[in-house]
Amino acid sequence: KLGMAYKKDDNFGEWYSEVVVNSEMIEYYDISGCYILRPWAMEIWELLKEFFDAEIKKLKLKPYYFPLFVTENVLQKEKDHIEGFAPEVAWVTKSGKSDLEAPIAIRPTSETVMYPYFSKWIRSHRDLPLRCNQWCNVVRWEFSNPTPFIRSREFLWQEGHTAFATKEEADEEVLQILELYRRIYEEFLAVPVSKGRKSEMEKFAGGLYTTSVEAFIPNTGRGIQGATSHCLGQNFAKMFDITFENEKGAREMVWQNSWAYTTRSIGVMVMTHGDDKGLVLPPKVAPIQVIVIPVPYKDADTTAIKEACESTVSTLNQSGIRADLDTRENYSPGWKYSHWEMKGVPLRIEIGPKDLANKQVRIVRRDNGSKVDIPVTNLFEEVKGLLDGIQENLLKTAKEKRDACIEVIKTWDDFTAALNNKRLILAPWCDEEEVEKDVKARTKGDLGAAKTLCTPFDQPELPEGTLCFASGKPAKKWSFWGRSY
Ligand SMILES: O=C1CCCN[C@@H]1CCCn1cnc2cc(F)c(F)cc2c1=O
Ligand SMILES: [Mg+2]
């Protein structure tokens, strides 16, 4: 079980599957596209949820739980937002031996479940804003290659659904939530992301506009959507008759948003930081931040060593650091080093007879393997400093790697070359959907077509007269293009 059979740079797909299993995050399940999330994954999910839930409570979101099931006619209510997705909808058709009167869908997302009740609950401007969030699972019976965390037929997410009296309020919240998603990725998962707007073709068809945070996986040269925050405009208000009486007594439709991030975020973190020894966890999301390992030496005082380990762990835990010790007799220190490296624990503390005698401990960093001996007296400060250093180093390294993949291009030939070089492409675009479709058609292949990933809010200077790389028409904006998950 110890050691990896695959190398990240040689066989990324196999490496990834091995890491998520060997680090005890995932157990494969006997239904394709479904995975068991073990504690090492769920504890990360819970740390992210703890942050996000506290932040949205500051924005006055209220917790709800809506049913998993939705009737056929309600699901079909919104034609254009569903029609493209119909093949992904999972249906319950029987209970026991008998057929159901009518098939019932399992929620792939909850607009059609929730909005008939938003219509009922919202009568007056006093009922606004309505702010609803639920933490739940959703089911989408996808057929493209299933990948743990990244693409599964059932996944966990939070879905926020809000309603406002004015577009201004909705527009503001879209960006507040997008900033929280950026923080989830950059401050917790140490994954660099770009905030931007989806094209008309890539946006959520049922909405007005879509914003997202986009990540990039250098090993595969593919972009990946990290999270999404939509302004729905009044489209769903019209469909579901969600109106309110304003201060002047006139009836108006509400302005809505919906936004989500999912367990996919964990997979992006694994892909970004993992190495050939296994998982590398950013301290902010590490279920165990420090593992303490006794290094007994033939006739050395093993009891004293064990006591030193226990007091080290309790000192750290009392200061809010997630520390644990591995005193299992039936495993050697060497075996334990590999095991906890595989699980990506940021810091290892070794305590042997010499350390005991010198009233010090040896600390080993998972991210760069560096070792340092520190006096027990300022254990907490040193450990805290090292954990902060690891967190910072992981984001910095990932940002440098991602930025090294970005290629600015202006011609079609450079575009196709960059695409085949697994680059994240930044190109001037005329912003015409026909051109986007044309690029998709011209880059179709077994690696998948190129698409727009987002138009970054942070726009570089676009010199007058710059032409679109694909159409030769006057360019209107810089957009990120590439293959994606
Ligand atoms: O992306 C979000 C944020 C959270 C709430 N939902 C929105 C839009 C979801 C877009 N979407 C995405 N996937 C879907 C899959 C389906 F099978 C289906 F019936 C509907 C959808 C579907 O509407
Ligand atoms: Mg999908």
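So, Met 271: you'll find Met 271 in helix α8, residues 264-273. Helices here are DSSP runs of H or I with at least four residues, strands are runs of E with at least two, and both are numbered from the N terminus. Before I go on, this is a predicted model, so local features need pLDDT of at least 70 and side-chain atom pairs count only at pLDDT 80 or more, while totals for chains, interfaces and linings use all residues. Residues are numbered from 1 along each chain as its sequence is written, chains are lettered from A and ligands numbered from 1 in the order in which they are written, and side-chain values use heavy atoms, with hydrogens and water left out.

Is Met 271 buried or exposed? Met 271 counts as buried because its relative accessibility is 4%. Buried means under 20% relative accessible area, exposed means over 50%, and partly exposed is in between, with a 1.4 Å probe and protein chains only. Setting aside residues up to four places away in sequence, Met 271 touches Lys 8, Phe 12, Trp 15, Tyr 16, Ile 150, Ile 217 and Tyr 485. Touching, or contact, means heavy atoms within 4.5 Å.

Next, Gln 289, in the loop between α8 and β15 (290-294). Gln 289 is buried too, because its relative accessible area is 9%. A polar atom of its side chain lies 3.0 Å from the backbone oxygen of Pro 283. Beyond four places in sequence, the residues that Gln 289 touches include Gly 320, Arg 322, Val 345 and Leu 387.

Now over to strand β8, where His 161 is found. With a relative accessibility of 1%, His 161 counts as buried. Its side chain makes a polar contact with the side chain of Tyr 115, at 2.7 Å. A polar contact is a pair of N or O atoms within 3.5 Å; within protein, one must be able to donate a hydrogen and the other to accept it, and residues adjacent in sequence count only if both atoms are side-chain atoms. Among the other residues that His 161 touches are Glu 111, Phe 118, Cys 132 and Asn 257.

On to the ligand. How many residues surround ligand 1? There are 18, and the closest are His 81, Thr 109, Glu 111, Arg 140 and His 230; a residue is counted if one of its heavy atoms lies within 4 Å. The side chain of Thr 109 has an N or O atom 2.8 Å from a nitrogen atom of ligand 1. For His 230, a polar side-chain atom sits 2.8 Å from an oxygen atom of the ligand. On its own, ligand 1 has 500 Å² of accessible area, and the protein covers 94% of that, going by the Shrake-Rupley method with a 1.4 Å probe.

Arg 140 is worth a stop. Arg 140 lies in the loop between β7 (130-139) and β8, and counts as partly exposed because its relative accessibility is 22%. A polar side-chain atom of Arg 140 is 3.4 Å from a nitrogen atom of ligand 1. Arg 140 and Glu 154 are 14 residues apart along the chain, with their C-alpha atoms separated by 6.4 Å. Leaving aside neighbours within four places, Arg 140 is in contact with residues including Glu 88, Thr 109 and Trp 157.

Last stop, helix α14, residues 433-442, whose buried residues are Val 435, Glu 436 and Val 439. Those buried residues line one face of α14, because down the axis they fall within an arc of 105 degrees, taken from the directions from the helix axis to the C-beta atoms. They pack against α13 (412-420), β21 (424-429), β22 (451-456) and β23 (477-484).
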